[in-house]
Amino acid sequence: MNLTLKIWRQKDANDKGRLVEYKVTDISEHMSFLEMMDVLNEQLINKGDEPVAFDHDCREGICGMCSMYINGEAHGPDKGVTTCQLHMRMFKDGDTIYIEPFRANAFPVVKDLVVDRSSFDRIQQAGGYISVNTSGNTQDANATPISKIAADQAMDAATCIGCGACVATCKNSSAMLFVSAKVSQYALLPQGQVEATDRVLNMVAQMDAEGFGNCTNTGACEVECPKGISLENIARMNREYMKASSQG
Amino acid sequence: MTTLNSKVPKGPISDKWTDYKNHIDLVNPANKRSIDVIVVGTGLAGGSAAATLAELGYNVKAFCYQDSPRRAHSIAAQGGINAAKNYQGDGDSNYRLFYDTIKGGDYRSREANVHRLAEVSGNIIDQCVAQGVPFARDYGGLLDNRSFGGVLVSRTFYAKGQTGQQLLLGAYSAMNRQIARGKITMHNRHEMLDVVKVDGKARGIIARNLITGEIERHSAHAVVIASGGYGNVYFLSTNAMGSNATAAWKIHKKGAYFANPCYTQIHPTCIPRSGDYQSKLTLMSESLRNDGRIWVPKNLEDVKAIKEGTKKPTDLTADERDYFLERRYPAFGNLVPRDVASRAAKERCDAGYGVNATGEAVYLDFASAISRYGKEQAKIHNVSNPSEKEIYDLGKAIVEAKYGNLFQMYEKIVDQNPYETPMMIYPAVHYTMGGVWVDYNLMTSVEGLYCIGEANFSDHGANRLGASALMQGLADGYFVLPYTIGDYLSGDIRTGTISTETPEFDEAEKSVKDQLDFFINNKGTHSVDYYHKKLGNIMWEKCGMSRNKKGLEEAIQEIQEVSKDFWKNVNVPGGLNEFNQELEKAGRVADFIELGELFAKDALNREESCGGHFREEHVTEDGEAKRDDENYAYVAAWEYVGKPSEAILHKEQLEFNDIELKTRSYK
């Protein structure tokens, strides 16, 4: 198929940025979206132009590095996939595709489609851990049984890949789904109870300090999340937050 | 040629590690505060090492090329992590894990290291549970296990099909705790481009800030390389696009020996390639072989009919199918180790039985499992005389619960429903057992320079068993290196901060800058990927699943030609002092080209078949790999002396005192 691409080009964080039009031809429907981008870049390099910078690594939907906003949707039109898992069979010959970076104040553009998501790391550093030293002297792994339901729910929350699609898609640029996934994982497990109060307060404080917006229960984040992280986690985090705040 | 000293402690194998720990020198907490350690790479090995060293009190400087340490490619490991917990009561023990790993590695790993790995394996699970890693549990609330290839017990712990992700996020959370306390200084989007040696000791690195292009100097009392494997030397592999060998190769050029580069793992169950534009290959977890049966048609006419579309695989009766693993290896069947399964699939495809357009695919079929589970469920639910449809629906639900996310992934990529038609799979490069040579302390042949995880060569011999990579990465980082490095650093308590304003740093920085300048100013005719694909093609065709003398000699010749062409005609657009992904790739491919040549040289030297290294000249009468223990029971560690073709071979003779050397049989 032949396609018209309108791609966000921005030299660096200080550049204003603009959409630039490109044409690609003979794209196979079996290609992944990023393989189509590879074809474009090879074309640009051979013409002596600069290729489009974009983040990507594992190309199997788990590292969370890829981050494109395609035709107005984070990770494009397919459901439950990252950009690297999106295939060209979702498009048809003659389509025009708009490709932009994930946009949010807390995700400044580095170059073209690459953004800086270090704000996510800083939120995790504020409390996204259990304070146990790696001495190997912890108790036996089976010493504390954990109900299968709690373990499965914790696992569902823990599958978050930290890509930032939730933020990019939210009209408020809220990071509540991301933060609540980590808070929930630990809130559901006995290991997480000791530090529960400080964890939720500190992580939420850091989230606010980074300039993410608030949650207004639209639910777009859940729809666009490639891992299907549930809104229930936000409800659980709010409950944890209320509980922690009242304990002061 | 010299004989290498592996520094394995004396004494009975089960006491070595304990005795060693009892007698090493320690660094007191106050002195740890004045000692710096650099860790390059933040996967399971690097992340766990950085966190643990920081907890102990050292000042850690950690580096990764990704935008966050959480994205290292350990995250993509699906199936699980082995540990000799014997929770299933099925006869597992440290000894059995030790034995399985040595045997699985085709008797080409170091006994003492592997035994230590088995000893600490149980602790890893304890540690990860304490960190809040949500492993799968049964209804009683205890941890669940599954089976992997090459073993007869269930010792694999898992978190759905995302075990690597959960373990890495555990290590990442431990790092975050130390970053918050200021004990780890994290350098994201930085790439190490050289190591700096002062008086023969590793004392720092040169790194490039990938956003600004700035070249930075970082000093430390010891340097730890945890940068993963070199599978991308093949261009197409299941590795991440950015996975590279640069850190490991640069230290090799500065004196660290590189061991057994020809030991590569080709994983049997990957999604076949679909076209020239393909950028990477996707793995389907080994756990699928618990229930999937692998087959090709028995008759070539059926192969032809399937390719032409006049027949579907489901049209073939059981008699018309060749379940070749079950036929050749009745004891282990579809759960033979990876190297054996991969070669058997290749053998069938080479004989013309491949089932897709390229002739490089075999079936992985769940119809039997669906039917078996369906009948079992019908009994459980008291359905008398169930119809075929009822059996199918009941069975499908069970398969979906077990492998649903993998089936979905397959369907997304291939656009076929694997519940209705068998999956097509083909082997792909997945892991590299070879790597930087290290002694028992995980120190390379350069003092103060350590190498851990997939980047080193040590524990898996010539073939790694499923679910053992995660175990080794975390064992090295959490439980081994923190002891061994302390023994070395105890000699550095009076050294003080290492200055970066020295001639050694000047020189290393200059050579890094010269190479970058060359790339930017070369203005050649071909892109970096053009060369990477060329190299990958040579590697796959001539250093792939099976190798022979003639092919390997040709490979060396052809790689040298690619090298010449690359250094003359490579085209790197953009500038030096900016975010420039082509410039990053150029340096990595330059190193892959050199590594590829050493790889072929090593494969040529090893006149035997063992594990992932299969030489067509060395096979038994029934087509199995034939080892030569008399002449090749050694680690081939290569010393760099200017060119890969001139590398000098050093041997570490492998001694087997606790396990008898036997022909590996899975029949």
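Trainee: How many residues does the contact take from chain A and from chain B?
Mentor: The contact takes 65 residues from chain A and 65 residues from chain B, two residues being in contact if their C-beta atoms, placed from the backbone, lie within 7 Å. This is a predicted model, in which local features need pLDDT of at least 70 and side-chain atom pairs count only at pLDDT 80 or more, while totals for chains, interfaces and linings use all residues. Residues are numbered from 1 along each chain as its sequence is written, and chains are lettered from A and ligands numbered from 1 in the order in which they are written.

Trainee: What confidence does the predictor give the complex?
Mentor: The complex has an ipTM of 0.98 and a pTM of 0.97. Chain B averages a pLDDT of 95, and 100% of the residues score at least 70; pLDDT is the predictor's confidence in each residue, from 0 to 100.

Trainee: Turning to chain B, how many helices and strands does it have?
Mentor: Chain B has 18 helices and 19 strands. Its radius of gyration is 25 Å, close to the 26 Å that the globule rule gives for 667 residues, so chain B is as compact as a globular protein of that length. The radius is taken over C-alpha atoms, and the rule is 2.2 Å times the number of residues to the power 0.38.

Trainee: What share of chain B is buried?
Mentor: Buried residues make up 59% of the 667 residues in chain B. A residue is buried if 20 or more other C-beta atoms lie within 10 Å of its own, exposed if 12 or fewer, and partly exposed in between, with C-beta atoms placed from the backbone.

Trainee: And α15(B): what do its buried residues pack against?
Mentor: They pack against α16 (549-569) and α17 (581-605) of chain B. Among these buried residues of α15(B) are B:Y531, B:L535 and B:M539.

Trainee: One more: which residues does B:V436 touch?
Mentor: Not counting residues up to four places away in sequence, B:V436 touches several residues, including B:I225, B:A248, B:F258 and B:F457.

Technical notes
Helices (H or I, at least four residues) and strands (E, at least two) are DSSP runs, numbered from the N terminus.
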